[in-house]
Amino acid sequence: MNKRILISGGTSGIGLAAARLFLDAGARVALMGRDINRGKQALKELEAGEQVIFVQGDVSSLQDCQQAIEQVTSAWGGLDVLVNSAGIYVEGAIEDMTEVQIAQVLDINVKGTYYLTQAAVLYLKESRGNIVNVASDAGVHGNYYCSLYCASKGAVVMFTRALALELAGFGVRVNAIAPGDIMTPLTEKQLQAASDRENALREMASVYPLGRIGTPQEAAAAIKFLASSEAGFITGTILNVDGGLTA
């Protein structure tokens with residue numbers, strides 16, 4: 001896979017797992033993240049030399065997104081794949097959501113996906129590349145005490161479908177994965193907050209027909225497939241990676 005790939009939220013979780021799969025396939029990968037120390041750690045873990053770079057930036061800033069795209073395209077002469085994996089999770093009753101929480105979730109999950117895509121789209125048209133967004137099962141159906149997050153990921157789902165139509169004539173495919181609970185640092189943070197981690201994990205897994213939650217590698221494999229030539233006739237698709245939760 002001789003591709004030039006930018007992954008937002010690429011320093012941990014699903015984004016980092018996707019980077020590893022792309023690098024193993026021979027791609028060049030840029031990781032975008034806010035924390036330079038996490039970026040350095042991710043580069044160290046990947047051990048891929050000049051095939052991988054870190055670009056510091058906040059997806060909720062249009063300027064940062066534009067600068068990230070400029071940096072990557074200047075380094076590699078273009079861009080073939082954009083993976084919008086940066087995201088934030090917040091849950092709670094609607095009356096408890098603060099103005100700051102609402103702004104953070106919408107700024108990162110919705111505006112961040114839009115801004116980075118907007119900055120990248122001219123380069124993707126040139127390469128006839130593709131976009132893979134990371135949505136969520138929460139963007140496909142409602143979840144209890146999760147209206148804010150559901151709203152943000154529902155926006156990503158509809159953005160994916162609408163943009164797929166807009167860019168089809170340019171040969172640019174746009175798809176998304178909709179993962180259920182995945183064992184990422186964000187999920188681990190939730191579990192650690194429980195009084196009994198193992199019991200909390202069992203309860204989380206109990207709603208999945210396959211009897212467990214997913215791994216970052218499983219979500220990353222779906223991203224890699226959608227970005228590959230094997231998925232060349234697939235666009236506007238939301239691929240559920242959820243152990244049968246939405247079946």
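The second largest pocket is lined by K3, D80, S127, R128, G129, N130, G171, R173, A227, S228, S229 and G232. This is a predicted model: local features need pLDDT of at least 70, side-chain atom pairs count only at pLDDT 80 or more, and totals for chains, interfaces and linings use all residues. Residues are numbered from 1 along each chain as its sequence is written, and side-chain values use heavy atoms, with hydrogens and water left out.

**The pocket**

- The second largest pocket has a volume of about 150 Å³.
- A pocket is found on a 1 Å grid over the protein atoms alone, as an open set of points where a 1.4 Å probe fits, with protein on both sides within 12 Å along at least five of seven lines.
- Lining residues have an atom within 4 Å of a point.
- Grid points are joined across faces, edges and corners, and the volume is the space filled by probe spheres set on the points.
- By class, the lining has 1 nonpolar, 7 polar and 4 charged residues.
- Ala, Val, Leu, Ile, Met, Phe, Trp, Tyr, Cys and Pro count as nonpolar; Asp, Glu, Lys and Arg count as charged; the others, Gly among them, count as polar.

**Positive phi in two loops**

- R128, one of the lining residues, has a positive phi of about 50° although it is not a glycine.
- R128 lies in the loop between α4 and β5 (130-134).
- Helices (H or I, at least four residues) and strands (E, at least two) are DSSP runs, numbered from the N terminus.
- R128 is exposed, at 58% relative accessible area.
- Exposed means over 50% relative accessible area, buried under 20%, and partly exposed in between (1.4 Å probe, protein chains only).
- E47 also has a positive phi of about 50° and is not a glycine.
- E47 sits in the loop between α2 (36-46) and β3 (52-56), and is exposed at 69%.

**A buried threonine**

- T113 belongs to helix α4 (residues 99-127).
- T113 is buried, with 6% relative accessibility.
- Beyond its neighbours within four places in sequence, T113 is in contact (heavy atoms within 4.5 Å) with N84, I108, N133, V156 and F159.

**Cysteines**

- A disulfide is a covalent bond between the sulfur atoms of two cysteines.
- Here a disulfide is counted when a pair of cysteine sulfur atoms lies within 2.5 Å, and the count comes to 0.
- C146 is buried at 1% relative accessible area, and C150 is buried at 13%.
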